[in-house]
Amino acid sequence: MSGMGRRRWLESMGMSFFAGRLPIRSSPVAPEGAGKPLQLADFQPRSMLHVPETKVLRSRHPVIDIHTHLSFTAKSANGVGLGEAMEYPAPVEELLPLMDRKNIRVMVNLTGGVGKGLEQTIRKFQQPYPERFVTFTEPWWERSNQLGYSKFQADEIVRAQQAGARGLKILKTLGLYLREEISKGPLVRIDDPRFDAMWETCGSLGMPVAIHVSDPEAFFLPIDRFNERFEELNKHPDWSFHGGDFPSNAELLEARNRVLARHPKTQFIVLHVGNDAENLPYVGECLDRFPNMHVELGARIGELGRQPRMAKKLFEKYQDRILFGTDAVPHGSDTPQQICNDELYEIYYRFLETEDEYFDYAPAPVPPQGRWRIYGLGLPDGILKKVYFENAARLLRFKT
Ligand SMILES: [Zn+2]
């Protein structure tokens with residue numbers, strides 16, 4: 001607007017250009033809040049992108065969720081389960097409607113427990129609903145420093161299968177928590193020969209091993225301003241494995257690889273995208289080296305979805321060895337957490353099925369793992385069917 005034009009416009013608004021009452025500023029007005037410090041936790045920017053938002057209420061094909069936790073050992077010391085007493089966060093009557101709503105044919109409960117605890121878990125879920133629930137057993141960690149453990153553990157795997165267990169779950173206890181004495185002594189190595197009989201027995205009985213070793217790469221670095229998972233670690237400093245006598249992430253993964261190499265007849269479902277979702281070239285290398293290795297997605301769509309082109313290539317190349325899983329821990333409506341997994345499943349389906357862009361990978365208001373958003377893969381039907389169902393059905397030996 002020219003000087004004269006501006007004057008006319010002001011006058012038409014009832015203001016005199018020369019009245020001298022207008023504030024004269026040498027710089028634009030600072031918006032409210034500018035220049036003030038803002039707590040990182042309070043920073044919740046809303047995306048201004050105008051992009052499609054697809055609500056995927058049900059998966060396009062039936063699902064086996066290979067990674068859920070419907071039971072836990074009641075007591076645990078540093079992640080080392082003690083005894084056979086179990087806890088069940090959600091009743092089966094509340095799980096079944098969730099599964100029907102979300103097109104989940106089967107939930108695989110990995111932390112089924114041991115001994116009498118395992119039997120109880122099987123009685124609760126798998127026995128009344130054998131088409132809907134599968135149960136895995138776990139090692140008797142607290143006995144692992146006792147004489148004769150190797151044979152005892154192998155025998156327990158046989159007994160667990162007779163009781164109805166369909167696989168074995170290894171928590172990151174092995175490699176990061178389990179020590180020669182409870183909470184003392186050196187850490188027990190992942191490839192320690194005392195577990196060889198256990199791995200072999202699983203192989204000979206056709207029980208897949210769902211194994212979680214190590215953790216995100218950022219958990220092995222200092223909790224500082226350079227750490228991409230700073231907020232998460234700052235909130236849970238005990239999740240950090242930086243310093244102390246912890247092995248590095250690479251050492252843990254290599255020890256796991258030695259187990260895979262030593263037991264080629266045992267099928268391993270390496271959870272959380274092979275426990276290195278940040279490094280998909282390495283995951284691909286491991287899949288190439290070990291034909292008995294399979295991977296699962298649980299709690300890692302945040303990683304996959306921020307590198308959608310690399311992730312899609314992984315799905316294309318290894319479409320017969322990737323399994324759908326969420327790491328869901330459904331809670332009953334009588335617990336403070338309540339059962340709230342609908343949204344969780346919708347996000348996984350949206351990630352796999354649509355080409356939506358830049359959306360949240362978790363329901364919480366703050367991204368729990370890091371401040372980034374994800375992009376959908378838009379996988380074709382053939383790959384979706386395998387990942388959602390067929391790959392897991394084959395490993396679990398479902399009759400078709
Ligand atoms: Zn888990």
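Buried means under 20% relative accessible area, exposed over 50%, and partly exposed in between, with a 1.4 Å probe and protein chains only. N341 sits in the loop between strand 12 (322-323) and helix 13 (342-353). Helices (H or I, at least four residues) and strands (E, at least two) are DSSP runs, numbered from the N terminus. I then listed the contacts of N341, leaving aside neighbours within four places in sequence: L98, A328, V329, P330 and H331. Contact means heavy atoms within 4.5 Å.

**Notes on the source**

I noted that this is a predicted model, in which local features need pLDDT of at least 70 and side-chain atom pairs count only at pLDDT 80 or more, while totals for chains, interfaces and linings use all residues. Residues are numbered from 1 along each chain as its sequence is written, and side-chain values use heavy atoms, with hydrogens and water left out.

**Confidence**

I checked pLDDT, the predictor's confidence in each residue, from 0 to 100. The mean for the protein is 91, and 90% of its residues reach 70 or more. Over residues 1-21 the pLDDT is below 50, and this stretch has nine contacts in the model beyond near neighbours in sequence. Where pLDDT is low, the predicted coordinates should not be read in detail.

**Whole protein**

I found 14 helices and twelve strands in the protein. Of its 400 residues, 50% count as buried. Among contacts with a separation of 6 or more, 74% join residues 24 or more positions apart.

**Zinc site**

Which residues coordinate the zinc ion? I found H67 (NE2), H69 (NE2) and D327 (OD), at 2.1 to 2.2 Å. Donors are N, O and S atoms within 2.8 Å of the metal (3.2 Å for Na, K and Ca); water is not among the atoms, so sites may look incomplete. Along the chain the donors follow the spacing H-x1-H-x257-D.

**Y88**

I located Y88 in the loop between strand 3 (80-87) and helix 2. Not counting residues up to four places away in sequence, Y88 touches L70, S71, G117, Q120, T121, K124 and F125. Y88 and H331 are 243 residues apart in sequence, and their C-alpha atoms are 8.5 Å apart in space.

**Positive phi**

Most residues other than glycine have a negative phi. I noted N103, whose phi is positive, near 65°. N103 lies in the loop between helix 2 (92-102) and strand 4 (104-109), and N103 is buried at 16% relative accessibility. I also noted A299, whose phi is positive, near 60°. A299 is in the loop between strand 11 (293-296) and helix 11 (301-304). Is A299 buried or partly exposed? A299 is partly exposed, with a relative accessible area of 21%.

**F43**

I ended with F43, in the loop between helix 1 (3-12) and strand 1 (63-68). At 40% relative accessibility, F43 counts as partly exposed.
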